[in-house]
2 protein chains.
Amino acid sequence: MFSKSCEYAIRAVVFVATQNNAGNKLGIMEICKEIDAPQHFTAKILQSLSHNGIISSQKGPSGGFYLNKTQTRLKLIDVVRALDGDKTFTGCGLGLKNCSEKKQCPIHNQFKVVRDELLNMLSNTYVVQLAEEIEKGSAVLSNISGR
Amino acid sequence: MFSKSCEYAIRAVVFVATQNNAGNKLGIMEICKEIDAPQHFTAKILQSLSHNGIISSQKGPSGGFYLNKTQTRLKLIDVVRALDGDKTFTGCGLGLKNCSEKKQCPIHNQFKVVRDELLNMLSNTYVVQLAEEIEKGSAVLSNISGR
DNA sequence: TATTCACATGATTTTGAAAACATAGAATGC
DNA sequence: GCATTCTATGTTTTCAAAATCATGTGAATA
Ligand code: FES
Ligand code: FES
């Protein structure tokens, strides 16, 4: 559904959001350990997000990744768009080059419903609201038990 | 969303269904030309489908791929399951190893809705009904114009 | 029964996402 | 200023999906 980059990104951003109230910034190692993701790969992803203004970063000792005031209003769609673009919501289910009403594949009408539902879901889900799930303990960000 | 194999498979199966009433079997070259898919790769996919009883095949002169009586009742879900398994409907949206209510990721509840909608859609869509769209000319199976 | 046609099967190559590596550069605190 | 700690950037490696290549096997028909 989403690219690996996107999966790691969402997990990372949600984790950062859980720690954001306290005002502390999170280092890349800290994040990767928590969400059980490859360190170097995740670093690139977060740098890309930082570049796109999705998250903020701070260099130097006691630096790390965090969300500024504006960024705490982040929705899932913002993260997905920044990494996977919108091919997830505009691409053809059968892999045709252009998905349009004009020249459509046979599953277009049915597929569009599902695709739009996904778009709708991502557009209405806030990262901070997901972070709350983690804080409450009703959801996890990693397979590894005890984390 | 679906693997490339799966995309080609659906397009191929739908095309086979359009020609099935006439009772003629379709050769692999004929199919690939129509749906604009790589020949050898598609051949393997169709052989796999044939192996799984999704479609039928006939060797020798005037042989090819076709649907038998039972197979004309085929749903999309049958094709998807045969090639991609059901990881598409059971896998975690954030890439966690096991998706379950017990140990769920923060988007589980929202994602489940979309996933179930997709499963539902595929379970209620018949291949022959898609074939009709092609026959009516209201949908296409390839990017290439004039086909 | 030989020839031809079309699917079947296994090995191999290509491709691009995913991941790792190496190094540069910037900010903090002493 | 200098060491430390982190981000930033570019290159390389890995790996599995995607695609190709080469060869085998069964069926029709003359
Ligand atoms: S053309 Fe295939 S989904 Fe729109
Ligand atoms: S655990 Fe992530 S979707 Fe169910």
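1. Glu7(A) is buried, with a relative accessible area of 8%, where buried means under 20% relative accessible area, exposed over 50%, and partly exposed in between, with a 1.4 Å probe and protein chains only. This is a predicted model, in which local features need pLDDT of at least 70, side-chain atom pairs count only at pLDDT 80 or more, and totals for chains, interfaces and linings use all residues. Residues are numbered from 1 along each chain as its sequence is written, chains are lettered from A and ligands numbered from 1 in the order in which they are written, and side-chain values use heavy atoms, with hydrogens and water left out.

2. Glu7(A) forms a salt bridge with Lys4(A), and their closest N and O atoms are 3.0 Å apart; a salt bridge here is a side-chain nitrogen of Lys or Arg within 4 Å of a carboxyl oxygen of Asp or Glu. Lys4(A) is partly exposed, at a relative accessible area of 45%. Both Glu7(A) and Lys4(A) belong to helix α1 (residues 4-20) of chain A, and they stand three residues apart, about one turn of the helix. Helices (H or I, at least four residues) and strands (E, at least two) are DSSP runs, numbered from the N terminus.

3. In chain B, Glu7(B) forms a salt bridge with Lys4(B), the closest N and O atoms being 3.0 Å apart. These two residues lie in helix α1 (residues 4-18) of chain B, three residues apart, or about one turn of the helix. Glu7(B) is buried, with a relative accessible area of 8%, whereas Lys4(B) counts as partly exposed at 45% relative accessibility.

4. How many salt bridges does the structure hold over all chains? There are six, and one of them joins the side chains of Lys112(A) and Asp116(A), at 3.6 Å from N to O. Because Lys112(A) and Asp116(A) are four residues apart in helix α6 (residues 108-123) of chain A, about one helical turn separates them. Lys112(A) is partly exposed at 27% relative accessible area, and Asp116(A) is partly exposed at 34%.

5. Chain B can be laid on chain A with an RMSD of 0.1 Å by a turn of 180 degrees and a shift of 0.0 Å along the axis, the copies being superposed by least squares on the C-alpha atoms of residues with pLDDT of at least 70 in both. The two copies are therefore related as by a two-fold rotation axis. In chain B, the C-alpha nearest the axis is that of Met1(B), which lies 2.4 Å from it. Of the interface residues of chain B, 98% are also interface residues in chain A, so the copies meet through the same surface; contact means heavy atoms within 4.5 Å.

6. DNA strand C is surrounded by 25 residues, the closest being Phe41(A), Gln58(A), Lys44(B), Gln47(B) and Ser57(B); a residue is near a strand if one of its heavy atoms lies within 4 Å of it. By class, this surface has eight nonpolar, twelve polar and five charged residues, where Ala, Val, Leu, Ile, Met, Phe, Trp, Tyr, Cys and Pro count as nonpolar, Asp, Glu, Lys and Arg as charged, and the others, Gly among them, as polar.

7. Of the atoms of DNA strand C within 4 Å of the protein, 68% belong to sugar or phosphate, and the rest to bases.
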